[in-house]
Amino acid sequence: FIWWQLICLIPSLFGVTDWAKAILTPSMGALWLVAGVGVSRLGLWGFDLSVSQMMQELVEPASVRGDVVGVHKSLEAGFATAAALLGILLSRPSQFQFLALLSWVSVCGAAMLHTSTLVRRSGARGAGI
C-alpha cells in the first residue's frame, strides 16, 4: 500500500513543479495535484490498516502494546506538527513545490523503512528465528 501511495503522488509532485507550470495550464497542474493526492489516499488508508494490524500481531507481550501504540501516536503527532510548522514557514505559493517534494521524500522514506522491516522479518521467519 505504501508503494501505491508513493507512485500515486508522482503526478502530484509533477503538477506543482516550475517545469510543469511552464508547460501546463494552471487548471491542468491543479488537476494533476488533486488527482494524485486523491488516489494516493487509498494507499495511505491501506498502509495505516497494515501498520495497525502489524502492531497488534507482532508486539509482544500484550501488556506493552498500549505503550508502543502510544509512542507511535506521539511520533505521528510530532511529525504532523512539524508539517504544519513547515507550512507556516513556507507559506508563499511559489514555495509549495518544496513542501510537496518534502512530503514525497517522507513517504519514500516510510516505504523503504516499512519494506526493510518486512524483508527482515520474513528472513528471520525463514531462518527459524
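In this predicted model, the lining of the second largest pocket is made up of eight nonpolar residues, four polar ones and one charged one. The space inside the second largest pocket comes to about 170 Å³, whereas the largest pocket has a volume of about 1,800 Å³.

**The second largest pocket**

- A total of 13 residues line the second largest pocket, and those that lie nearest its centre are Gly 15, Val 16, Lys 21, Gly 29 and Ala 30.
- At least two lining residues of the second largest pocket come from each of α2 (18–23), α3 and α5.
- Among these helices, α3 gives the most to the lining of the second largest pocket, with four residues.

**The largest pocket**

- The largest pocket, with its volume of about 1,800 Å³, is lined by 45 residues, of which Phe 47, Glu 76, Phe 79, Ser 106 and Ala 110 are the closest to its centre.
- Two or more residues of the lining of the largest pocket are given by each of α1 (2–15), α3 (26–58), α4 (65–89) and α5 (96–126).
- With 14 residues, α5 gives the most to the lining of the largest pocket.
- When the lining of the largest pocket is sorted by class, 28 residues are nonpolar, twelve are polar and five are charged.

**Helices that take part in both linings**

- The helix α3 supplies residues to the lining of the second largest pocket, and α3 also gives two or more residues to the lining of the largest pocket.
- The helix α5 likewise supplies at least two residues to the lining of the second largest pocket, while α5 gives 14 residues to the lining of the largest pocket.

Technical notes
Residues are numbered from 1 along each chain as its sequence is written. This is a predicted model: local features need pLDDT of at least 70, side-chain atom pairs count only at pLDDT 80 or more; totals for chains, interfaces and linings use all residues. Side-chain values use heavy atoms; hydrogens and water are left out. On a 1 Å grid over the protein atoms alone, a cavity is a set of points where a 1.4 Å probe fits but cannot get out, and a pocket is an open set with protein on both sides within 12 Å along at least five of seven lines; lining residues have an atom within 4 Å of a point. Grid points are joined across faces, edges and corners, and a volume is the space filled by probe spheres set on the points. Ala, Val, Leu, Ile, Met, Phe, Trp, Tyr, Cys and Pro count as nonpolar, Asp, Glu, Lys and Arg as charged, and the others, Gly among them, as polar.
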